[in-house]
Amino acid sequence: MPTPTEEPRASGNWLDTLYDRLAGGNDGRICTEISEEACRETPGNFLRELIAHTFTTIGDKIASAKTTLPWLLACLGAPAWCLSLLVPIRESGSMLPQMAIGSVVRRMPIRKSVWVAGSVGQGISLALMAWAAFTLDGLSAGLVILGLLVIFSLCRGASSVAHKDVIGKTIPKTRRGRLSGWGGSISGLFGMLVGGGMAILGDSENPLIYIGLLLGGTLLWIVAAVIFSTIVEFPGETEGGRNGLKEGLAKLTLLRDDLPFRRFVIARALAMGSGLAAPFYVTLAREDLGSASRYLGIFIAVEGLAGLLSAPVWGYWADHSSRKVFATACGLAGILSLLVAAGSWLGWTEPIAWWFYPLAFFGLGISHAGVRLGRKTYLVDMAEGNRRTDYVAVSNTVIGGLLLVSGLIGALAAMLSIEAAIAILAIAGLAGSVMGWSWKEVSGGS
């Protein structure tokens with residue numbers, strides 16, 4: 001493994017100074033596992049990637065399949081089964097094709113264009129969802145929005161493969177978690193402001209509120225694509241990208257032959273509950289509090305506050321030990337979900353429900369931010385070059401399939417008992433936490 005090097009910075013350069021403040025470097029520019037020419041571009045690339053990542057993360061919060069889209073479909077009168085498919089489609093659709101996408105990406109010496117195209121596609125999909133919400137209702141609105149969500153997810157999958165690889169080529173190993181952490185924090189602040197504004201609006205159920213959120217997301221993804229296109233990326237490895245899907249499927253042997261990677265995928269699969277549990281939290285809250293826009297605003301706000309407060313902490317910690325971040329956050333999510341399931345079974349009084357659901361969603365937001373940041377940083381740090389691309393593609397494809405299956409099972413379980421579905425996800429999360437503690441340490445510790 002290459003040893004860390006330091007690149008002297010230009011005196012008085014505002015970009016270097018800003019990078020030092022954000023990335024925590026005050027003793028020379030760390031250049032772990034990137035080329036010398038990439039190291040010279042690190043401050044500018046860090047800022048560009050931070051802005052693009054922040055914009056798309058804000059878009060994720062205000063046009064979320066966990067909160068905004070369920071509220072919108074309910075307001076339009078779509079069937080309940082449409083709501084139950086939102087998260088599985090969004091998550092699995094972005095992951096299932098990634099082995100084939102990974103094979104295509106490996107042929108490209110410059111890979112930022114894949115992320116840019118995916119970001120534009122996501123923005124266009126949200127704009128068409130807004131059009132569907134404005135012109136359609138009932139089952140037709142539900143079907144069209146679900147179809148557009150499939151397209152959105154496919155574009156997201158392409159961006160996901162390219163993004164981790166671009167970060168691995170342009171940002172030093174011990175600064176990647178901080179990049180994600182700052183992005184999560186800034187986007188959390190904006191999400192909190194948007195949600196707070198919605199909470200102040202009152203009890204309106206006008207679909208135009210949700211349509212406005214979708215159009216705002218469109219603008220954010222388009223601007224992010226423009227910014228990301230300006231990243232200075234140098235050509236990378238292109239070996240092993242000639243046989244398309246066949247070669248991608250052959251990479252599944254990594255699960256058999258690579259023990260650390262196999263343990264990572266299993267733990268990540270068990271940790272899916274930190275994301276899948278959110279719509280069930282929201283469903284319980286809707287039943288007890290109502291479905292007006294102010295409640296959606298509260299959930300968006302507390303989720304934003306969770307990211308604002310926790311993402312920088314998770315990010316800095318992940319640069320020291322991403323496995324500990326993953327395991328801790330996964331365990332917290334599991335414990336919290338058990339408390340939510342048990343409390344709902346016992347029954348809430350209305351005053352308790354008013355404060356408990358926002359607080360529980362806040363805790364889940366903190367936990368999920370840690371799970372995502374920990375496993376993303378761990379995956380980027382555990383491999384280099386095309387092996388990193390293979391890891392991302394294989395793990396996301398496998399998890400995508402499992403998410404679709406677990407999402408469908410969860411929807412069926414929720415028809416019988418939402419509390420049971422939450423409890424199942426909680427137990428799996430606790431098991432994932434135990435396995436995460438056994439991962440090999442791969443972080444830089446700087």
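Predicted model: local features only at pLDDT ≥ 70, side-chain atom pairs only at ≥ 80, totals over all residues.
Good morning. I begin with Arg388, a residue of helix H18, which spans residues 385-416. Helices here are DSSP runs of H or I with at least four residues, strands are runs of E with at least two, and both are numbered from the N terminus. At 3% relative accessibility, Arg388 counts as buried. Buried means under 20% relative accessible area, exposed means over 50%, and partly exposed lies in between, with a 1.4 Å probe and protein chains only. Arg388 and Asp165 are 223 residues apart in sequence, yet their C-alpha atoms are 7.0 Å apart in space.

Residues are numbered from 1 along each chain as its sequence is written, and side-chain values use heavy atoms, with hydrogens and water left out.

Let me now turn to the chain as a whole. The secondary structure of the protein chain comprises 19 helices and 2 strands. Of its 446 residues, 58% are buried. The chain exposes about 17,200 Å², and carbon and sulfur atoms supply 68% of that area; accessible areas come from the Shrake-Rupley method with a 1.4 Å probe, and for residues only the protein chains shown count as cover. Among contacts with a separation of 6 or more, 88% are between residues 24 or more positions apart. Contact means heavy atoms within 4.5 Å.

The C-alpha atoms of Leu408 and Ser84 are separated by 8.0 Å, although the two residues are 324 residues apart along the chain.

I come next to the packing of helices, with helix H9 in view. Which way do H3 and H9 run relative to each other? The axes of helix H3, residues 42-62, and helix H9, residues 138-170, come within 11 Å and cross at roughly 155°. Axes are lines fitted to C-alpha atoms, for helices over the stretch in contact, and angles run from 0 to 180 degrees between N-to-C directions. H3 and H9 are therefore roughly antiparallel to each other. That term applies to angles over 145 degrees; under 35 counts as roughly parallel, 65 to 115 as roughly perpendicular, and the rest as oblique. The crossing of H3 past H9 is left-handed, meaning that the near helix is turned anticlockwise from the far one by less than a right angle.

On the H3 side, Thr42, Asn45, Glu49, His53 and Asp60 meet Arg156, His163, Val166, Ile167 and Thr170 of H9. The residues of this contact divide into 2 nonpolar, 5 polar and 3 charged. Here Ala, Val, Leu, Ile, Met, Phe, Trp, Tyr, Cys and Pro count as nonpolar, Asp, Glu, Lys and Arg as charged, and the others, Gly among them, as polar.

Glu49 of helix H3 deserves a separate word. Is Glu49 buried or exposed? At 1% relative accessibility, Glu49 counts as buried. Leaving out residues up to four places away in sequence, Glu49 touches Val166, Ile167, Thr170, Ile171, Leu179, Phe228 and Ile231. Glu49 and Ile171 are 122 residues apart in sequence, with 9.4 Å between their C-alpha atoms.

H9 also packs with helix H4, residues 68-76, at an angle of about 155°, with the axes 9 Å apart. H4 and H9 are therefore roughly antiparallel to each other. In this pair, Leu69, Leu72, Leu73 and Leu76 of H4 meet Gly138, Ala141, Gly142, Ile145 and Leu149 of H9. The contact of H4 with H9 has 7 nonpolar residues, 2 polar and no charged.

The remaining helix pair is H14, residues 259-270, and H19, residues 418-437, whose axes come within 7 Å and cross at roughly 150°. H14 and H19 are therefore roughly antiparallel to each other, and their crossing is left-handed.

Two further sites complete the survey. All of helix H6 can be treated together: 8 of the 8 residues in H6, residues 86-93, are buried, so the helix is largely enclosed by the rest of the structure. Finally, His368 is located in helix H17, residues 350-381, and at 17% relative accessibility it counts as buried. Apart from neighbours within four places in sequence, His368 is in contact with Lys66, Ser274 and Gly275. Thank you.
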